[in-house]
Amino acid sequence: MRNLRFGYIAVLLLGLDASPAFAQGVTGSVQVGTLGIGAQVATPLANRINFRGGIDFQPVSFETTVDEVALDVELPAATVMAVIDLYPNESGFRLSAGVLYFGGSLGLEGAPTEDVEFGNNVYTQAQVGTIRGSLETSSLAPYLGIGWGNAVGTGFGFALDVGIAYHGTPEFSLEATGPISSDPQFRMDLDAEAESANDDLPGVASVYPVLKLGLSYGF
């Protein structure tokens, strides 16, 4: 999915009271979870209805080896989230709906550690050079979730968000930088590898799980 990097730390809620004081409240929070590390602000729109918006960053990358190719994996760099929260009662439980924006795709880059087979043909390290891949999804993803957190007010509080974002069916692609990269047969073999990877993607790959834990402060 687009250069990803962090997880989430859920936020805080606002406005479980209809009073004018809460109607003007703002709550800020820091969070960590499956979207990375980020920050959010929340404000009441109406009695028991709040708006939250924030941004998360993925600070990590990792390495893996697939079919004799050592790969550096980068998660999407930034994710922007905007949701509306509905509080059915005064317990702090909330229902959330909104949208996520993924600012990039999941990226892969690496080089073969030995001769590698693509399709039915074997290629040397020198021929292949560096391999770059990306897992593309829709940049905009509808979001549905549930959560818990304190009502709007002053002071510190904790919050939890659990939900899913639907970003559509991902598509994997591969490129190479070596001298054989423009050869038609090599290009066909590389495309066949990418298509095989697409066929192996599970159905659940069309959704992104969101889990956030957060610490908030109300002003």
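Visitor: Hi! How many bridges join strand S1 to strand S2, and which way do the two run?

Guide: Seven bridges link S1, residues 27-33, with S2, residues 36-46, and the two strands run antiparallel. Keep in mind that this is a predicted model.

Visitor: Which residues stand opposite each other there?

Guide: Two pairs to look for: Ser29 stands opposite Gln40 in S2, and Val30 stands opposite Ala39 in S2.

Visitor: Changing topic: which residues touch the most other members in the largest nonpolar core?

Guide: Phe118, Val128 and Phe186, out of 18 residues in that core. The elements giving two or more residues to this core are strands S5 (69-74), S8 (106-112), S9 (116-118), S11 (131-136) and S14 (171-176), along with helix H3 (184-200). As a rule, nonpolar side chains in soluble globular proteins tend to be buried together.

Visitor: What is Phe186 in contact with, leaving aside its close sequence neighbours?

Guide: Setting aside neighbours within four places in sequence, Phe186 is in contact with Phe118, Tyr123, Val128, Ala176, Ile180 and Ser181.

Visitor: What does the second, separate core include?

Guide: That one has 10 residues, among them Leu35, Met81, Tyr143 and Ala165.

Visitor: Back to H3, which of its residues are buried?

Guide: Phe186, Asp189, Leu190, Ala194 and Asn198 are buried in H3. The buried residues of H3 pack against S9, strand S10 (121-123), helix H2 (125-128) and S14.

Visitor: How far apart are the end C-alpha atoms of H3, and what span should its residues give?

Guide: The end C-alpha atoms are 24 Å apart. H3 has 17 residues, and at 1.5 Å a residue they should span 24 Å, so the two values agree.

Visitor: Last one: what does the side chain of Asp183 reach at the start of H3?

Guide: The backbone nitrogen of Gln185: a side-chain oxygen of Asp183 comes to within 3.1 Å of that atom.

Key:
Residues numbered from 1 in each chain as written. Predicted model: local features only at pLDDT ≥ 70, side-chain atom pairs only at ≥ 80, totals over all residues. Heavy atoms only, no water. Pairing = 2+ DSSP bridges. Helix = DSSP H or I, 4+ residues; strand = E, 2+ residues; numbered from the N terminus. Core = buried A, V, L, I, M, F, W, Y, C linked by side-chain atoms within 4.5 Å. Buried < 20%, exposed > 50% of the residue type's maximum accessible area, 1.4 Å probe, protein only. Contact = heavy atoms within 4.5 Å. Expected span 1.5 Å × (residues − 1). Polar contact = N/O pair within 3.5 Å; in protein donor to acceptor, adjacent residues only side chain to side chain.
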